[in-house]
Amino acid sequence: LLNGIHIGKSHTLNITHSAITRPSSKVANTIVRVNLPHGVDTESPRGQEIVRKACEKALAVEAKALLPQRMEFLSKKHDIQYSSIVTKKLKSRWGACDNKNNISLNNYLIQLDWRLIDYVICHELAHTVHHDHSKAFWALVETMQPNHKALRKELKEKPTDIIPT
C-alpha cells in the first residue's frame with residue numbers, strides 16, 4: 001500500500017519514517033498516519049502489515065459511522081425491519097444475516113460505490129424476510145434493486161480486502 005492513496009470514503013494514507021524503535025499508527029480526522037522506524041521499508045512484509053492494520057482501523061471507523069445509517073435509511077424506505085447491525089472484518093463475505101435478523105456488514109464494504117453497498121444491504125434485509133436464496137427471496141431483492149443481477153456480478157469481481165484508490 002502506497003503513501004498518498006485513498007482509503008475508504010474519506011481517508012488518505014500518510015507514511016513517514018523517523019528515528020523511532022517501534023512503528024506507530026493513528027487514524028485522526030481523514031488521515032491514516034503511519035510512522036515507521038528507519039530501515040523498515042514500506043514494501044517489506046513487516047512494513048506492509050503495519051500499514052495494513054492502520055488502514056483496516058480507518059475502514060472500521062468509517063464502516064461503523066456510515067453503514068448503520070445507510071441500513072436504517074434503506075430499512076425504512078423498503079419497510080423491512082432487522083434486529084441489529086454490526087460492522088466487522090469478515091474474511092470472505094460482504095454481509096450476513098442470522099436467524100434472529102441480526103445483520104453483519106463487512107468493514108471492507110465501505111470502500112465500494114454506494115450502489116454496491118446498497119445492493120448488499122438490500123440483500124441482507126431480504127434475508128430478514130426469507131432466510132434462504134429462494135425465488136421469493138430474489139423477487140424481494142428485485143423489488144428493492146431492479147438491477148440486482150448486474151450489481152451482484154460486479155460485486156463478485158471485488159476482493160473482500162483493502163482496495164487502494
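Reply: A nonpolar core is here a set of buried Ala, Val, Leu, Ile, Met, Phe, Trp, Tyr and Cys residues joined through side-chain atoms within 4.5 Å. Buried stands for under 20% relative accessible area. The model is a predicted one, and every value below is computed from it.

The largest nonpolar core has 45 residues. Those with the most contacts inside this core are Ile-7, Leu-13, Val-34, Met-71, Leu-105, Leu-109 and Leu-125. Two or more residues each are given to the core by the strands β2 (11–18), β4 (31–37) and β7 (102–106), and likewise by the helices α1 (45–78), α2 (114–127), α3 (135–144) and α4 (148–156). The largest share, 10 residues, comes from α1.

Leaving aside its neighbours within four places in sequence, Leu-105 is in contact with Leu-67, Met-71, Ile-85, Val-86, Thr-87, Lys-88, Leu-90, Trp-94, Gly-95, Val-120, Ile-121 and Glu-124. Among these partners, Met-71 also belongs to the residues with the most contacts inside the core.

The cysteines come next. The structure holds zero disulfides. For Cys-97, the nearest cysteine sulfur is that of Cys-122, 13 Å away; a disulfide would require the two sulfur atoms to lie within 2.5 Å, so Cys-97 is in none. With a relative accessibility of 19%, Cys-97 counts as buried, because the limit is under 20%. Cys-55 is buried as well, at a relative accessible area of 0%.

As for the aromatic rings, the structure holds one aromatic pair. Its members are Phe-137 and Trp-138, whose ring centres are 4.9 Å apart with 80° between the planes. The arrangement counts as edge-to-face, because the angle is over 60 degrees. Both Phe-137 and Trp-138 are buried.

Strand β3 (residues 24–28) pairs with β4 in the antiparallel sense over five bridges, and Ser-24 has Asn-35 of β4 as its bridge partner. Two residues stand between the strands of this hairpin. Asn-29, found in the loop between β3 and β4, takes a positive phi near 55°. Asn-29 counts as exposed, because its relative accessibility of 74% is over 50%. The C-alpha atoms of Asn-29 and His-11 are separated by 7.9 Å, although these residues are 18 residues apart along the chain.

Methods: Residues numbered from 1 in each chain as written. Predicted model: local features only at pLDDT ≥ 70, side-chain atom pairs only at ≥ 80, totals over all residues. Heavy atoms only, no water. Buried < 20%, exposed > 50% of the residue type's maximum accessible area, 1.4 Å probe, protein only. Helix = DSSP H or I, 4+ residues; strand = E, 2+ residues; numbered from the N terminus. Contact = heavy atoms within 4.5 Å. Phe/Tyr/Trp six-rings, centres within 6.5 Å; stacked < 30°, edge-to-face > 60°. Pairing = 2+ DSSP bridges.
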